Amino acid sequence: MGKPPLGAFARPDVVPYIACWSSEHRPPGVVVVRGGGIAYADEGSYERDDMGVLWKRIGLSPGKGRPEFGKVHFLRQRRAMRKLLCQVCGGPSDRTGEGTLWLVGEDADGPELWEPGYVTTHPPVCVPCAVTSVGACPHLREVYVALRVRAFAPAGVHGALYRPGEAFPVVYDADGVTFEDWRIGWVLASQLIMEFQEFTVVDLEAEHAAYLRRT
């Protein structure tokens, strides 16, 4: 009998750390124009990040209600990116001398991966959760590549873009915006973007075997 494929025993009930729960939805708040960009009419000091970017409002009650697998929790995604936490379990991502482990839904030979300044909104992973993900995630079941990323940096945010309206600013698009872009003051952020500057494609089965030897 042959060896089962990687991810064959993935648990279908695993709720990723960055997934949103139905109990966490909050009213969006009134967005106004202020100081050459957007702001909340009743904005608190905690609603912008250290780059001054305004973020969408969301609650913090993981585990309550229903998991919403197709929706990302804005704050947990940002925290996982900043602290290099596994997007699935919320623990430390796997880091070795070869770099931090990431899974991306690309073909290893595809041109998108090798263009300068490849970016992603997906946080890194630990090895066990990477194995789970390639069996449980519909997108990764189609195509994925495992990377050891040695050099990376937060590059911007993805979110709703506003422009001035007659009474209040209005949404006209959703896009990724770099921190250097003049539109950064007009975006209501929902995910942090990471740019890969130096990485190597690795074999996930070999990474899993090495992990089992280490542990």
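## Basis

In this predicted model, local features need pLDDT of at least 70 and side-chain atom pairs count only at pLDDT 80 or more, while totals for chains, interfaces and linings use all residues. Residues are numbered from 1 along each chain as its sequence is written, and side-chain values use heavy atoms, with hydrogens and water left out.

Helices (H or I, at least four residues) and strands (E, at least two) are DSSP runs, numbered from the N terminus. Buried means under 20% relative accessible area, exposed means over 50%, and partly exposed lies in between (1.4 Å probe, protein chains only).

Two strands count as paired if DSSP finds at least two bridges between them. Strand 8 and strand 10 run antiparallel and share 14 bridges. Strand 8 also pairs with strand 9 (residues 170-178), antiparallel, over eight bridges. Six residues separate strand 8 from strand 9 in a hairpin. Strand 6 joins strand 8 through five bridges, again antiparallel.

Ala160 faces Leu188 of strand 10. In strand 9, Ala160 has Ala174 as its bridge partner. Thr100 stands opposite Val149 of strand 8.

## Nonpolar cores

A nonpolar core is a set of buried Ala, Val, Leu, Ile, Met, Phe, Trp, Tyr and Cys residues joined through side-chain atoms within 4.5 Å. In soluble globular proteins, nonpolar side chains tend to be buried together. The largest core here has 25 residues, and Val53, Leu147, Val157 and Phe196 touch the most other members. Strand 10 gives the most, with six.

What does Phe196 touch, not counting residues up to four places away in sequence? The list is Trp102, Val104, Gly117, Tyr118, Thr120, Leu147, Val149, Ala151 and Phe152. Contact here means heavy atoms within 4.5 Å. Another core, of 14 residues, lies apart from the largest one; among its members are Val134, Leu140, Ala146 and Leu204.

## Helix 3

Which residues of helix 3 (residues 127-136) are buried? They are Val127, Cys129, Ala130, Val131, Ser133 and Val134. The cover over these buried residues includes strand 6, helix 4 (138-142), strand 8 and helix 5 (204-214).

## Salt bridges

The model holds 11 salt bridges. Each is a side-chain nitrogen of Lys or Arg within 4 Å of a carboxyl oxygen of Asp or Glu. Side chains of opposite charge can pair when their charged atoms come close. Glu24 and Arg76 meet in one, at 2.8 Å from N to O. Glu24 sits in the loop between strand 1 (19-21) and strand 2 (31-33) and Arg76 in helix 1, so this pair ties together parts 52 residues apart in sequence. Glu24 is buried, at 0% relative accessibility. Arg76 is buried too, at 6%.

Asp94 and Arg148 form another, with their closest N and O atoms 2.7 Å apart. Asp94 is in the loop between helix 1 and strand 5 (95-96) and Arg148 in strand 8, so parts 54 residues apart in sequence are tied together. Asp94 is buried at 9% relative accessible area. Arg148 is buried at 1%. A network of salt bridges links Asp94, Arg148, Glu207 and Arg214. Arg66 and Glu68 also form a salt bridge, with closest N and O atoms 4.0 Å apart. Arg66 is exposed at 55% relative accessibility, whereas Glu68 is buried at 13%.

## Largest pocket

On a 1 Å grid over the protein atoms alone, a pocket is an open set of points where a 1.4 Å probe fits, with protein on both sides within 12 Å along at least five of seven lines; lining residues have an atom within 4 Å of a point. Grid points are joined across faces, edges and corners, and the volume is the space filled by probe spheres set on the points. The largest pocket has about 800 Å³ of space. Its lining has 29 residues, and Pro16, Phe69, Gln87, Cys137 and His139 are the closest to its centre.

Strand 4 (67-72), strand 6, helix 3 and helix 4 each supply at least two lining residues. Strand 4 has the largest share, four residues. Gly70 belongs to strand 4. Gly70 is exposed, with 79% relative accessible area. Gly70 and Ala19 are 51 residues apart in sequence, and their C-alpha atoms are 7.4 Å apart in space.
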